[in-house]
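Subject: Structure handover

Hello,

Here is the structure I said I would pass on. Please have it open while you read the notes under it.

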Amino acid sequence: MAPGEPLQIYSRTNNNNNNNVVHPVSLPLHYDDGSIREVKHYKKWFPWLIPFFVVANVIVFVITMYVNNCPHNSVSCVARSLRRFSFQPLKENPLLGPSSLTLQKMGALDVNRVVHRHQGWRLITCMWLHGGVFHLLANMLGILFIGIRLEQEFGFVLIGLLYVISGFGGSLLSALFIQSNISVGASGALFGLLGGMLSELITNWSMYDNKFPALLTLVIIIGVNLAIGILPHVDNFAHIGGFLTGFLLGFVFLIRPQFGWINQRYARVEYSPTRAKPKFKKYQCILWFLSLIILIVGLSVGLVALLRGVDVNDHCSWCHYLSCVPTSKWSCNTEAAYCLSNQLGNQLNVTCSSNGKSSTYLMQDPTSSQIQQLCTQLCN
């Protein structure tokens, strides 16, 4: 008899996208002859990296479904006409996607493997995997709406770094809190883009029109999305970690020069040293320095704690409510389903360890995925 694999998959989703974007005001320059000219002190970039990331996520999902090969590895499948691209049964994966075993094989975040098998690369690979079609669509639409506008304003280098580092930060915080289940999804990176938008608005405050309505709108959007994360089976720690990382990175990467410094570059009259304006305001420099220090220290301490096998839940009894709040409608029980299986001839006996339910199936040489599927049905 052998215990089955953990079955719980945490998805990272974003369910509220926004088309509104706030642009800095143009800079009017007044010359001695009375003429006025608007200067665009930064260029618009052609966005290609964010669409490339979206295409990459879709390709990885297609490859994952090919590897999953539901008809070969499972008792029943959804949309079986798709053959090896068909989906796992809805009771096992309601997102229309692969099995947890396949996701684990493809690089899902598995804390046990990160800590004890030195597979730290899973902190990065998990952000390119998705639990299903619905999960993929929700994240990719959000990344397109938010990421393209940011890339147009700040270029592919800064936004690419913001995306990847935020995704890593989300995976790191998730791994420190959720250690018994696997986790996948790009919403840590997506929330990092949202966090970057917020800090960019704050650090470049003087450059914006209608700044207070814009700030209120952005805060509401972020708050709603984080609130959705308290639903069961949603990895809100990845959302929070990605948001905090992106928020700090925004002060470092997305800082813009103040208007006075731009005036000096374009004005016809030379500025005297006493009238010269610094490129950045003092508060921008302070935020840049503090954010960089907090970010480096936070990621370093978190990574060391993870590799040492620290479970932050042992030091914070209430933190689990940040990811799921139990109600009369749902439970926050995230214990993985385990089963004992015994093969006698062509009869397979499966017993769920959590509820004691047992059932016998007529199967010859069942695969691990098939046993996992049956275990999920018994334990749910």
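Predicted model: local features only at pLDDT ≥ 70, side-chain atom pairs only at ≥ 80, totals over all residues.

Residues are numbered from 1 along each chain as its sequence is written, and side-chain values use heavy atoms, with hydrogens and water left out.

Whole chain. The chain has 13 helices and 8 strands; these are DSSP runs numbered from the N terminus, helices being H or I with at least four residues and strands E with at least two. Of its 380 residues, 48% count as buried, where buried means under 20% relative accessible area with a 1.4 Å probe, protein chains only. Among contacts (heavy atoms within 4.5 Å) with a separation of 6 or more, 72% are between residues 24 or more positions apart.

Helix α12. This helix covers residues 282-307. Its 26 residues, at 1.5 Å a residue, should span 38 Å, and the end C-alpha atoms are 38 Å apart, which agrees; the expected span is 1.5 Å times one less than the number of residues. Gln284, Ser291, Leu295, Gly302, Ala305 and Leu306 are the buried residues of α12. Their cover includes α7 (156-177) and α10 (236-253). After α12 comes glycine 309, with a positive phi near 80°.

Helices α7 and α10. These two also pack against each other, at an angle of about 145° and with axes 7 Å apart. Axes here are lines fitted to C-alpha atoms over the stretch in contact, and angles run from 0 to 180 degrees between N-to-C directions. The contact includes Gly169 and Gly170 of α7 and Gly241 and Gly242 of α10. Its residues divide into 11 nonpolar, 8 polar and no charged; Ala, Val, Leu, Ile, Met, Phe, Trp, Tyr, Cys and Pro count as nonpolar, Asp, Glu, Lys and Arg as charged, and the others, Gly among them, as polar.

β6 (residues 339-344) and β7 (residues 347-352) pair antiparallel over 6 bridges; pairing requires at least two bridges found by DSSP. Leucine 344 is opposite glutamine 347, and in the hairpin glycine 345 has a positive phi near 65°. β7 is also joined to β8 (residues 358-362) by 5 bridges, again antiparallel.

Regards

Key:
Buried < 20%, exposed > 50% of the residue type's maximum accessible area, 1.4 Å probe, protein only.
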